[in-house]
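This report describes a sheet and the helices that accompany it. The model is predicted.

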Amino acid sequence: MTDAAPDSPPPSVRPAGVLFSANDAVFDWTVAYLESYRAHNPDLPLAWMPFDDRCERVAALADDYAFTTYEDPAFERLEAIGRTLDLGLTAYGPRWFRRYAAFWGPFERFVYQDCRQLVLCDLTEFVGASEQYGFDLLHFDCAIDQVYEPGPVRREFLRRGRGRGFMSGQWASRRGLFDLETLERFAEECVAVREQMNPRNTDQFFLNYCCDAGTTVSDEANDEAGGERPIVTGHFAEVLGDLCRDAWVRQPGRVYRDQAGVARRWDHGGIDHGKRVPILHWAGLPLSPAMPEAELFYSYRNRRDGAGRRSIDALRRRASRPLLRLADKARRQRQINTLWHRLRGRR
């Protein structure tokens, strides 16, 4: 691989596919993700981007779930970008920047996904949507406060009709939108305004900044004038329709399957009632029998276990759920949560 996207793709580049990131620390999440992916996408190419060096168990799943491994010498330089922006709030933040090698990776059009989610449909529609409808990048959930802090940068992007503040755990784009040198240049710009970016979500605000501040080659590439245009981003639900706006699992209502087997959200009276749920994302939530849609998750995680084992595990989860939910409710209580963080800060 070269550091930047080449002018023409090498023969090994495939037209379309999905990339995901994982390591052994999230092994259970990874198994559930892969089971759900292959249940609905038996033939869509899948490539794994190792999150770090702790990946022996995940690597051993390659044959069972028919995925390839995508390693790139640019991982080191991408992590270096993360280190320049990281404030030390997590030990692994710079590792997330490996995902941006997807922009010169093994697929011309692709979807990127973290492994802490389930795939509940055929993703072919989502892989091809950016090309079909003329977008450079399509995304799901938006939460601008998780991307930009209030300030001049945020206000200027909003004034220009940009600044959607999308989440970085799942998105679709195309090969060549960015190269490594461009990302390093944007990193220098972000360092200069770091106080206006979310203190924790470094990879998230970085991708948003690249899309909001960046330009790409004009669609009229054959025109003698040539030129550039702003990068065009969009929300999958707004572009495709009949989709829940948010993939994050902590939404009102429950997921159900309609008569055709399509995953939909039941939230009578809500704006997403009856709409399709293509993926569910557990970002920021611990793996627990008490988490939202836990039984749906475990139906994929334990899919290859015997019926007896699955039944026993389900009974154990059901028995532990009330106490776990009580503990979670207590953790959310303001006084208890404040005391907990104070005690942690003294260690």
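## Sheet

Ala22 stands opposite Pro50 of β2. Strand β1 (residues 14–22) pairs with strand β2 (residues 46–50) in the parallel sense, over five bridges.

The open sheet has seven strands in the order β3-β2-β1-β4-β7-β6-β10, and its pairing is mixed. At the edges stand β3 (68–69) and β10 (233–235); each has a single partner strand, so one side of each is left without a neighbour in the sheet.

## Buried face of α4

The buried residues in α4 are Phe75, Leu78, Glu79, Ile81, Gly82 and Leu85. Viewed down the axis of α4, these buried residues fall within an arc of 145°, so they line one face of the helix. An α-helix has 3.6 residues a turn, so residues three or four places apart point the same way.

The cover over the buried residues of α4 includes β2, α7 and α8 (202–213).

## Packing of α4 with α7

Helix α4 (residues 75–85) packs with helix α7 (residues 180–192) at an angle of about 5°, and their axes are 10 Å apart. Angles under 35 degrees count as roughly parallel, and α4 and α7 are therefore roughly parallel to each other.

From α4, the contact involves Arg77, Leu78, Ile81, Thr84 and Leu85. These meet Leu180, Glu181, Leu183, Glu184, Ala187, Cys190 and Val191 in α7. By type, the residues of the contact of α4 with α7 comprise eight nonpolar, one polar and three charged.

Definitions and conventions
Residues are numbered from 1 along each chain as its sequence is written. This is a predicted model: local features need pLDDT of at least 70, side-chain atom pairs count only at pLDDT 80 or more; totals for chains, interfaces and linings use all residues. Side-chain values use heavy atoms; hydrogens and water are left out. Axes are lines fitted to C-alpha atoms, for helices over the stretch in contact, and angles run from 0 to 180 degrees between N-to-C directions. Helices (H or I, at least four residues) and strands (E, at least two) are DSSP runs, numbered from the N terminus. Angles under 35 degrees count as roughly parallel, over 145 as roughly antiparallel, 65 to 115 as roughly perpendicular and the rest as oblique. Contact means heavy atoms within 4.5 Å. Ala, Val, Leu, Ile, Met, Phe, Trp, Tyr, Cys and Pro count as nonpolar, Asp, Glu, Lys and Arg as charged, and the others, Gly among them, as polar. Two strands pair if DSSP finds at least two bridges between them. Buried means under 20% relative accessible area, exposed over 50%, partly exposed in between (1.4 Å probe, protein chains only). The arc is that of the directions from the helix axis to the C-beta atoms.
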